[in-house]
Amino acid sequence: AEAGARDSLVTLGRACEEGDRKGDQAIDLVQAARFYRAAAEAGAGYAQWRLGEMLARGQGGLTKDRLDAERWLRTAASQGIEEAREALNRIDAEERAAKAEQERVEREARDAQEKAQKEAQEAQARMERLEREAEEKAARAAKRAEEAAARAQREAQEAEARAQREAKEAEEAAARAQQEAIEAAERARRQAEEAAARAEREKLEAQREAEELAAKAKRDQEAAAAAAKRELEEAEARR
């Protein structure tokens, strides 16, 4: 009687899981899981196999539970259910594949992160080098401006000295010398201003190049980190 009841539960479970060709019996995996669990607990090997499969897939309203699924599949396999042994092998292979995939994704994520960090460090080094070069250019330009101003000052002094000497000889010569000194001073002032303006423009251009490189490096790092994060999330979702 007990075996008959157990077989009836298995038959009901199969009917709910598979339906019938006439369409009189609709597929109902939730009800099938209930019948299979009752039959499995009563010792039916077929029901233990089917219950284990449904637990492994999270079917029939059951929460996906690999450990419970393996327990029922091992019980069924111990009763000679070949499909249960095959299912255990499949689950083991899937678990190994999922673990290998997760390790691959994590390894690629680490590689991507290391690459992004390396690129960021290289970009930082380039930016620092550009900043140093800009400072050196600005210093050279300032030095040239100072030298030009000093030269202009010396020339003005010399012109004034010549004018003073020539003034002793004749007022007209002194007047001409004084006019030449004024003109030389004006030229020197304009040259100094132009040199200073060029130096400032060169410094601003170098700083802008450095800022653009830094911004690009930051965008590259963020993109790499986002890609790594997506891969991790996709791997987690596949599990």
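D92 is partly exposed, with a relative accessibility of 35%; on this scale buried means under 20% relative accessible area, exposed over 50%, and partly exposed in between, with a 1.4 Å probe and protein chains only. The side chain of D92 meets that of R96 in a salt bridge, at 2.0 Å from N to O. Here a salt bridge is a side-chain nitrogen of Lys or Arg within 4 Å of a carboxyl oxygen of Asp or Glu. D92 and R96 both belong to helix α5, where they stand four residues apart, about one turn of the helix. Salt bridges that share partners also join E53, R57, R90 and E94 into one network.

The model discussed here is predicted: local features need pLDDT of at least 70 and side-chain atom pairs count only at pLDDT 80 or more, while totals for chains, interfaces and linings use all residues. Residues are numbered from 1 along each chain as its sequence is written, and side-chain values use heavy atoms, with hydrogens and water left out.

Helices are DSSP runs (H or I, at least four residues), numbered from the N terminus. At 27% relative accessibility, R90 is partly exposed. The C-alpha atom of R90 is separated by 22 Å from that of R14, which is 76 residues away along the chain.

Side chains of opposite charge can pair when their charged atoms come close. In this structure the count comes to 18 salt bridges. Helix α4, which spans residues 66-78, holds both E70 and R66, four residues apart, or about one turn of the helix. E70 and R66 form a salt bridge in which the closest N and O atoms are 3.1 Å apart. Of this pair, E70 is buried at 14% relative accessibility, whereas R66 is partly exposed at 37%.

Helix α4 also contains D68 and R71, which are separated by about one helical turn because they are three residues apart. Their side chains meet in a salt bridge of 2.7 Å, N to O. D68 counts as buried, with 16% relative accessibility, and R71 counts as partly exposed, with 42%.

Aromatic rings provide another kind of contact to follow. A search of the whole structure finds two aromatic pairs. One of them joins Y46 and W49 in an edge-to-face arrangement, with 5.3 Å from centre to centre and 80 degrees between the planes. Rings of Phe, Tyr and Trp (its six-membered ring) pair if their centres lie within 6.5 Å, and planes under 30 degrees apart count as stacked, over 60 as edge-to-face and the rest as tilted. Y46 and W49 are three residues apart in helix α3 (residues 45-57), so about one helical turn separates them. Y46 is partly exposed at 24% relative accessibility, while W49 is buried, its relative accessible area being 13%. Ring pairs link Y36, Y46 and W49 into a cluster.

The surface carries a patch of negative charge, in which E128, E131, E133, E135, E136, E202, E205, E209, E211 and E212 gather. Such patches are made of residues with over 30% relative accessible area and no salt bridge, like charges being joined within 9 Å; Asp and Glu count as negative, and the place of a charge is taken as CG of Asp or CD of Glu. Helices α5 (82-169) and α6 (171-238) each supply at least two residues of the negative patch. E212, for example, is placed in helix α6.

Note on methods: Patch = residues over 30% accessible without salt bridge, like charges linked within 9 Å, V, L, I, M, F, W, Y side chains within 5 Å. Areas by Shrake-Rupley, 256 points an atom, 1.4 Å probe, with all protein chains shown as cover.
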